[in-house]
Every structure is written in C-alpha cells, then in structure tokens.
Amino acid sequence: MRDDFTSDLTHRLKWLYLLGVVAMLLSPVFYVIAISFNEHGFGARIYEFTFDWYRVVAGDTILLQSLEWTAYLALVTVAIAVPMGVLAAKFYRRSRRKVPFLVLMLTPLFVPADIMGSALLVYFKNLTQICEWLGDELGLTFLYGWFELGFMTAVIGMVIYTLPYVFIVILITMSRYREQQTEAARNCGATAWQAFWHVEFPQIRPGVLSACAFTTILTFNETVRTALLKGGFDTFSNVLVSQMLNIGMSGESYAMAGMMSMLSMAVIGGVLIYSLAAAERRERQARARAEPRMSA
Amino acid sequence: MLLFFALPMLLTVVWSFFERTQFWMEPGFTLFAYENFFTSARAENYLYSMFHSAIAVVISFAIGFPIAVFVRRRLPQTAQHQVILLFVLPFMISELVRVFALRPVLGRTGPLNSFLMEIGLIDEPISVLLFTPTGVVIGDVLSFLPFMVFSGFLAMEAVQKYIFEVCDDLGAGRLHTFVDIIVPLAAPGIFAGSVFIFVNSLGVALVPTVLGGPGAVNAGLIVNQAIVALDFPLAMAVSAIMMATLILLLYVGHRLFDLTKIIRPIS
C-alpha cells in the first residue's frame with residue numbers, strides 16, 4: 001500500500017495513527033453498543049449479555065410508529081432528492097457559469113441544522129398565513145393548510161439538507177463519465193432518455209446507489225430539522241432525543257442508539273464492500289483488455 | 001433551492017426587524033431584537049462560543065489534515081478512496097448518538113477516566129472533561145473532524161506527487177515542505193473544512209446542550225431558546241448574524257483562495 005521509499009516503521013506508525021483516529025471517532029459508539037447488550041445497563045460492574053433492551057424497543061408501539069414514519073420520510077426524501085441530484089449534477093457539468101450554481105447547491109452544507117430549521121419553520125408559518133389570506137381573498141379554499149407543519153414540510157427540509165450530499169456523490173461518479181459516449185449514442189439514433197438510461201446511468205449507478213444510502217442514513221439520523229418541521233408525527237431520532245433529555249440514558253435509549261449506529265454501519269459497510277468489488281471488477285476488465293489476444 | 005433555501009435564509013434578515021407579539025411577530029421595523037442580543041449576555045456567549053469553535057478548528061486541523069496528506073502522498077491511487085471511506089463511517093452515524101455516547105465515556109466513572117487511572121497516569125478522575133467548555137470542544141472535534149479529512153483530501157489533489165520529490169531533491173525539511181508548499185497549495189480545502197467546523201461548532205445546539213452543562217451556550221442554542229420563548233425576531237436576528245458570519249468567511253476565503261478549486265477535480 002505504499003509507493004515510495006519511506007522507512008517501514010514510519011509508514012506503519014502513520015497507519016497506526018490513521019486507524020487510531022478512526023477508532024477514537026468510533027469508540028464512543030461501540031461503547032454504547034456494548035452497553036445496549038448489557039442486562040445491567042451503564043455503570044454496572046457485571047456484564048451479562050442480553051437482547052432484552054432490544055426486545056423492549058421492538059415491543060414499544062410508539063417507537064415502532066416513529067420508525068414507520070421515519071421510513072416513509074426517508075423513502076420520499078430519496079425519491080425526490082436523488083433524481084434532483086442527478087439533474088443538478090448534469091446541469092452543473094454543462095453550465096458555463098458554474099460558481100453561482102455551486103454556491104447555491106453547497107451552501108446548505110455549511111448552515112447548521114438549528115439555523116436552517118428555524119428559518120424554514122418561520123418561513124412555513126408565513127407561507128401558511130399567506131395561503132390563508134390568498135384563500136380568503138380569492139375564495140379558493142383549497143389553498144388552506146398547504147404549508148402547515150407536517151409530513152410535507154419535513155420532506156422539504158430533508159430534501160434541502162440532503163441534496164448537497166447527493167449532488168457531490170453523483171458529481172464524483174459522473175466525473176469518470178465521458179460526454180462523448182452520450183454523443184455517440186445520439187448519433188446512432190438513441191433518444192436523449194435512451195442515451196441516458198442505457199449508456200450513462202449504468203456507469204453512474206454506484207454513485208446513485210450510494211446517494212440513496214446516504215440520504216436514507218441522513219434522514220434516519222436527523223433530529224433538529226425534523227423536530228422543528230415535522231408537525232404532528234415523531235421520527236425515531238426525535239423520540240430518542242426526548243427520552244435522553246427528559247428521562248436520561250436508560251437501557252432502552254442505549255438499545256435505540258445501538259440500532260441507529262448498527263444500521264448506519266451496515267449500510268456504509270455495504271457501500272464500502274460494493275465499491276471495493278466494483279473497483280476490483282473494473283481493474284480486472286482493464287487488465288483483460290490490455291492483455292494481447294491469442295491469434296486463432 | 002432558491003425557494004426553500006436561499007429565500008428563507010434571506011428573509012431571516014427581514015424577519016429580524018419585525019416586532020414581537022405575544023405568540024408571533026408582525027411586520028414593522030425595529031432594532032429591538034439586535035439591541036436585545038448585543039446588550040445582553042448573549043453577545044458575550046456568542047463571542048465565547050466563537051472562541052471555542054476556533055479551538056475546535058485548530059485541533060481538528062492538527063489531527064485531521066496530516067491524515068489527508070498521508071493518504072494522498074503515501075497510498076496508491078486505487079486505495080485512497082477506500083481509506084477515506086473509513087472516515088465516512090463515523091460521520092454517517094447519528095451525531096445525536098455520537099454526542100450522547102460521549103457522556104458516559106467522558107464522565108468521572110466512564111471508561112476514559114477508569115483507563116487513565118488503571119495505567120497510573122492520574123490518581124483521581126478528571127472532571128473537566130464533561131459539562132465544561134472542554135467537553136464542548138471535545139464534542140465539536142469528534143463530531144466534525146471527518147470534514148477536515150474530506151476537504152483536506154480533496155485539496156491535496158492540487159499537490160502533485162512530483163512536488164514532494166522536488167522538495168526532497170532540493171533538501172527541504174519536512175516542516176518547510178509542509179508550511180511553505182503543502183499548506184499554501186491545499187489552502188482552499190483547509191479553509192473550507194475550517195469554515196464548516198467553525199460554523200457548525202457555533203451553530204449546532206446539541207453539543208453544548210449535552211456536554212456543556214448549564215452555562216454552555218452557542219448561537220444555535222440561543223436560537224432554540226428564543227424559539228421556545230416565542231421570541232421569533234430574536235431567533236431570526238441571531239440566525240442573520242450567524243449567516244452574515246458564514247457569508248463573510250466564505251467570501252473572504254473565496255477571494256483569497258478561490259474555493260472552487262476544491263471541486264475542480266470532480267467537475
């Protein structure tokens with residue numbers, strides 16, 4: 001894994017440092033997972049392995065309902081944010097004035113959740129009032145309640161939050177794609193959609209799948225924006241944070257935190273394995289193409 | 001994005017001048033929210049949290065940037081992205097879980113103190129790690145450190161490998177190479193990562209709420225408290241100040257380093 005002449009010891013120490021930092025970032029999470037399987041909870045001297053806390057979570061109807069809502073939210077956010085991200089990345093690659101578009105797409109990354117969430121909360125409350133006023137003035141009752149806090153406002157908040165991540169991931173994958181391939185397909189008589197679906201999409205598919213995975217995880221993990229914009233339903237994270245702040249860390253909270261962490265690790269692990277396998281396949285194909293062919 | 005991101009963010013400035021009513025606000029022009037912010041302890045808290053955020057940036061740079069340099073310089077191209085993906089893993093685990101997980105870990109009876117006492121490094125538990133500004137800085141660093149690695153990694157694309165060889169051939173020391181060559185070339189990425197960490201440390205309320213104890217406040221927490229108190233103009237004023245800080249930093253960074261350079265390799 002090394003391509004120049006540093007000493008073995010220095011190289012190994014640098015690897016050790018890198019893995020140490022990853023371990024430092026992950027160790028609190030692993031600690032929480034370990035506690036979630038302890039029958040006696042946090043701080044106990046005895047460690048007895050159990051699934052009981054997870055059984056408690058699985059038997060809690062409020063939690064299951066919140067999990068269901070979160071899954072719906074993730075599904076709708078993926079369905080909107082990922083196609084938008086693909087379109088945005090394609091537009092960005094073709095546009096001449098890249099900077100303003102880039103600023104618009106990436107600034108949400110820098111805006112903290114509490115600031116964006118509160119701005120959207122006030123914005124939606126104002127929009128609701130404007131819609132009501134317009135409804136009264138024009139006699140159009142269907143305008144009532146369009147932007148009242150609820151599932152739709154939570155989806156809008158999540159799409160705005162996840163779109164920059166989707167945009168970046170797809171842009172990275174698209175950077176390996178050459179536009180000449182689309183032109184060649186069009187010259188052979190393919191429609192724009194056929195050229196995209198049969199030529200470009202198979203090559204950016206890993207990026208699209210990764211973007212779907214990231215969006216799902218980000219939605220499951222999000223607390224602040226959903227808390228401010230969700231209206232009448234609760235997401236899994238919202239239930240967890242209210243438990244942690246109001247009751248404290250119970251065995252059930254550790255199990256919920258453990259579930260969220262393991263879900264994220266499984267998805268990211270899956271993406272990692274998939275990308276490693278794809279890279280290896282590409283390399284094998286490239287090697288096969290480079291090898292001289294035997295004449296018959 | 002224009003309708004549901006840029007417009008609400010711009011309107012925070014307009015709403016910050018509105019007059020507060022009992023449960024909401026009404027159109028008008030008053031500087032009361034800003035006066036309320038600047039003449040109370042909130043402004044002082046804001047400055048304190050800026051200071052703590054700056055410390056978090058420096059620590060994240062010191063820990064994270066050498067990793068980006070090592071990956072770009074020493075690892076083969078094919079392995080680089082997979083190694084960087086290792087840092088996506090902690091980043092993708094809920095911030096809520098990661099921050100709450102630090103509570104038992106940093107506590108007096110937590111594994112960190114137990115370990116340090118076990119190896120004889122300390123005689124009694126360190127209590128400064130939790131419910132203090134130190135706890136907030138630790139939380140910020142552990143929450144946002146991966147971003148310094150990502151942006152540093154993208155920025156190192158601008159530092160071609162032959163540059164290191166030239167430095168070695170000319171006999172430049174490691175420190176000289178790092179300070180005079182790597183840092184200036186990778187400045188856009190370092191700056192972008194630093195702004196991200198700074199602004200999020202300043203604006204994410206979760207970290208001081210969970211790890212900072214009763215006195216800890218940052219801009220995000222002030223906004224939250226103002227919303228809970230139904231003081232929407234104040235919440236919008238603090239958001240506007242926060243956004244102005246962010247825009248100013250990004251503008252200065254772009255003028256100095258051309259931040260679009262970071263994304264050039266993938267566009």
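A89(A) is placed in helix α3 of chain A, which spans residues 61–94. In this predicted model, A89(A) counts as buried because 26 C-beta neighbours fall inside 10 Å, the cut-off for a buried residue being 20 or more. When residues up to four places away in sequence are left out, A89(A) touches F167(A), I170(A), L171(A) and M174(A). Its C-alpha atom is separated by 40 Å from that of L245(A), a residue 156 positions away along the chain.

In soluble globular proteins, nonpolar side chains tend to be buried together.

Two packed helices are described by the angle between their axes and the distance between the axes. Helix α11 of chain A, residues 251–290, packs with α5(B) at an angle of about 130°, and the two axes are 10 Å apart. The arrangement of α11(A) relative to α5(B) is therefore oblique, and the crossing of α11(A) and α5(B) is left-handed. On the side of α11(A) the contact is made by A257(A), M260(A) and S261(A), and on the side of α5(B) by V97(B), F100(B) and A101(B). By class, the residues of this contact comprise five nonpolar and one polar, with no charged residue.

The contact between the chains as a whole takes 60 residues from chain A and 63 residues from chain B. On the side of chain B that touches chain A, the elements giving two or more residues are α1 (2–16), α3 (41–74), α4 (77–92), α5 (95–106), α7 (133–155), α10 (187–203), α12 (219–228) and α13 (232–257). This side of chain B has 47 nonpolar, 12 polar and four charged residues.

Chain B itself contains 13 helices and two strands, and its C-alpha atoms fill a box of roughly 70 × 50 × 30 Å, taken along the principal axes. Of its 267 residues, 48% are buried. Among the contacts in chain B that link residues at least 6 apart in sequence, 74% join residues at least 24 apart.

Two loop residues of chain B have a positive phi without being glycine. F131(B), with phi near 60°, lies in the loop between α6 (111–118) and α7 of chain B, and is partly exposed because 19 other C-beta atoms lie within 10 Å. L230(B), with a phi of about 60°, is in the loop between α12 and α13 of chain B; with 14 C-beta neighbours inside 10 Å, L230(B) likewise counts as partly exposed.

In chain A, R205(A) is found in helix α8, residues 192–221. R205(A) counts as exposed because 12 C-beta neighbours lie inside 10 Å. Between R205(A) and M244(A), which are 39 residues apart in sequence, the C-alpha to C-alpha distance is 39 Å.

Note on methods
Residues are numbered from 1 along each chain as its sequence is written. Chains are lettered from A and ligands numbered from 1 in the order in which they are written. This is a predicted model: local features need pLDDT of at least 70, side-chain atom pairs count only at pLDDT 80 or more; totals for chains, interfaces and linings use all residues. Two residues are in contact if their C-beta atoms, placed from the backbone, lie within 7 Å. Helices (H or I, at least four residues) and strands (E, at least two) are DSSP runs, numbered from the N terminus. Ala, Val, Leu, Ile, Met, Phe, Trp, Tyr, Cys and Pro count as nonpolar, Asp, Glu, Lys and Arg as charged, and the others, Gly among them, as polar. Axes are lines fitted to C-alpha atoms, for helices over the stretch in contact, and angles run from 0 to 180 degrees between N-to-C directions. Angles under 35 degrees count as roughly parallel, over 145 as roughly antiparallel, 65 to 115 as roughly perpendicular and the rest as oblique. A crossing is left-handed if the near helix is turned anticlockwise from the far one by less than a right angle, and right-handed if clockwise.
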